[in-house]
Amino acid sequence: RFLDVNPAGCEQLRRTRDQLLDLRLSDLMAADVANAAAAEQAGSTPEPPSGPFRPELFDATGSLRIERQLLRGDGSWGLFELHGRLLDDGTYVVLTRDRTEHKAAEQERLELMREVMEAQRLESLGLLSGGIAHDFNNLLATISGSVEVCLQRWPSQAEGQERLSRILLATRRASELTRQLLDYVGSGSHEVVDVDLGAMLEEMPLLLEASLGPDVTLRYDLEEGLPAVQGDPGRLRQLVMNLVVNASEAIGARRGSIRLSTSSVQLTQSGVRTPTGVDLEPGRYVTFVVSDDGCGVQPEDVERIFEPFFSTKGTGRGLGLAAVRGIVDTHGGAMRMRTVPGQGTRVQVWLPAVARRRKRYHSGVWNTEWKGEGLVLLVDDEPDVRAVLGELVEALGFSVVTVDGGFAALEQLEARTKDVAVVLLDVTMPVLDGVATWQRIVARWPTLPVVLMSGMAAPEVGELEEGALAPGFLMKPFSLEQLQQALQHATGLVS
């Protein structure tokens, strides 16, 4: 028990000296849960929590240093560092240091470090996925382009046409997989328009219900008059579909329900973090929530749930939640998941109601019978891609000059600018990439048509100078029809 206490001790423990002199040290200590459970199982009385201050536990110098939770006078618990020293008369003196705030700050630092490490881990996965998708799209561009050339040159061979068409279909399906990978990275190709999320969800019931288990009910709670968000309607539908399908699979064959709700919120100060660990900026957001009463996710799986091909339902089968993470990030939004094993999961997504407008690449109607004329300067660092794209461009009536990099393209333009009708320019190249090359082209020849090409999303090209021509964009792999359309727009024959 306490024999005496100084004013500093009273202040730390938030008690008066008289109150403390009526107490034992064990009255202030948190019970040893493990010790109490073992004693209860054995049917005995648990060892008093003051056990660590038994004289035999002091070291040879008569000192002891431990950390314990102590109950303050206001009912709160604090973490204290206790330095005990055994005195000759059998009593001991204890010096206390309040470590509560320090411990909380340390926990916050560790949590922040964990979040940073998680963001870095996912960023590394994203870089790997993005690199694979880009390289794979270049291979697919070579395959699909070669098939398109064969279909153009030998249209009368029915048996060969059928087989080539199957190859072309397979490459298009493979390109969809790479686009899912790019969605995971947050570099997917997106059409940015104003989207009425409420109206979009009201149009999806049949599509959503077709993906549910036989005994799963889908319920709606949609707020009226939601502000629009800027985004890609197809990717936003995919985001909703993936979340609903995942919720349905969590319920499985038993009876259960999924609730889909929307609302608009005004964030005054964020506290809501994007998938890459950045706080959302204050402002107006549209939020939608998908919640289920399924099996939930085990704590050890929560951190991995958004990895590609990871699944809690057996072998990983796809990019469902990984693509969700990428779509949310690409749209400048945030996502939070709360889950309780055996009780269900709730996923909430925030999307900015007023998003930063991205550069929109020109588009419009086109004439499928159109043939071009003049010279196309084709710039790509991949020899196979240059070869097959050159044949496709020639099939559309143009002549072609091919070069392997940005500086070579600028040299060609200096020599024969008047002959060049269009520049087809790959974005990802060493030394001088496509965007940097385009910036030099538009500074020197502002009205020269340029079509950028990439296996990833359309890049940001910045603000255009007055009178400068905006570039077109093609995402690899693209079809002959898509190339025809882009070149037709670039030459100015279609508004």
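Q: How many residues lie between β1 and β2 in the hairpin they form?
A: Five residues lie between β1 and β2 in this hairpin. Keep in mind that the model is predicted. In the turn, glycine 75 has a positive phi of about 90 degrees.

Q: What makes β1 and β2 a pair of strands?
A: Pairing asks for at least two bridges between the strands. Strand β1 (residues 63-71) and strand β2 (residues 77-86) are joined by nine bridges, in the antiparallel sense, so they count as paired. Within this pair, glutamate 67 stands opposite glutamate 81 of β2.

Q: Which side chains of β1 point to the buried face?
A: Leu64, Ile66, Arg68 and Leu70 do, as the side chains alternate along the strand.

Q: Why is isoleucine 441 called buried?
A: Its relative accessible area is 1%, and the word applies under 20%, so isoleucine 441 qualifies as buried. This residue belongs to helix α13 (residues 434-444).

Q: What does isoleucine 441 touch, not counting residues up to four places away in sequence?
A: Isoleucine 441 touches Leu410, Leu413, Val423, Leu425, Pro446, Leu448 and Val450. Take leucine 410: it is 31 residues from isoleucine 441 along the chain, yet their C-alpha atoms are separated by 7.3 Å.

Q: Is serine 261 buried or exposed?
A: Buried: serine 261 has 10% relative accessibility, and the cut-off is under 20%. You will find serine 261 in strand β7 (residues 256-267). Leaving aside neighbours within four places in sequence, its contacts are Asp221, Thr287, Phe288 and Val289.

Q: Why is isoleucine 132 called partly exposed?
A: Partly exposed lies between the buried limit of 20% and the exposed limit of 50%. Isoleucine 132 has 47% relative accessibility, so it counts as partly exposed. Its place is in helix α4 (residues 100-153).

Q: Which residues form a nonpolar patch on the surface together with Ile132?
A: Leu128, Phe136 and Leu139 do, and with Ile132 the patch has about 390 Å² of accessible area. A patch residue needs over 30% relative accessible area, and the 47% of isoleucine 132 therefore meets that requirement.

Q: What is there to say about the protein as a whole?
A: There are 14 helices and 15 strands. Of the 495 residues, 45% are buried. The protein exposes about 26,200 Å², with 51% of it supplied by carbon and sulfur atoms. Among contacts with a separation of 6 or more, 66% come from residues 24 or more positions apart.

Note on methods:
Residues are numbered from 1 along each chain as its sequence is written. This is a predicted model: local features need pLDDT of at least 70, side-chain atom pairs count only at pLDDT 80 or more; totals for chains, interfaces and linings use all residues. Side-chain values use heavy atoms; hydrogens and water are left out. Patches are made of residues with over 30% relative accessible area and no salt bridge: like charges are joined within 9 Å, nonpolar side chains (Val, Leu, Ile, Met, Phe, Trp, Tyr) within 5 Å. Accessible areas come from the Shrake-Rupley method with a 1.4 Å probe; for residues, only the protein chains shown count as cover. A salt bridge is a side-chain nitrogen of Lys or Arg within 4 Å of a carboxyl oxygen of Asp or Glu. Helices (H or I, at least four residues) and strands (E, at least two) are DSSP runs, numbered from the N terminus. Buried means under 20% relative accessible area, exposed over 50%, partly exposed in between (1.4 Å probe, protein chains only). Contact means heavy atoms within 4.5 Å.
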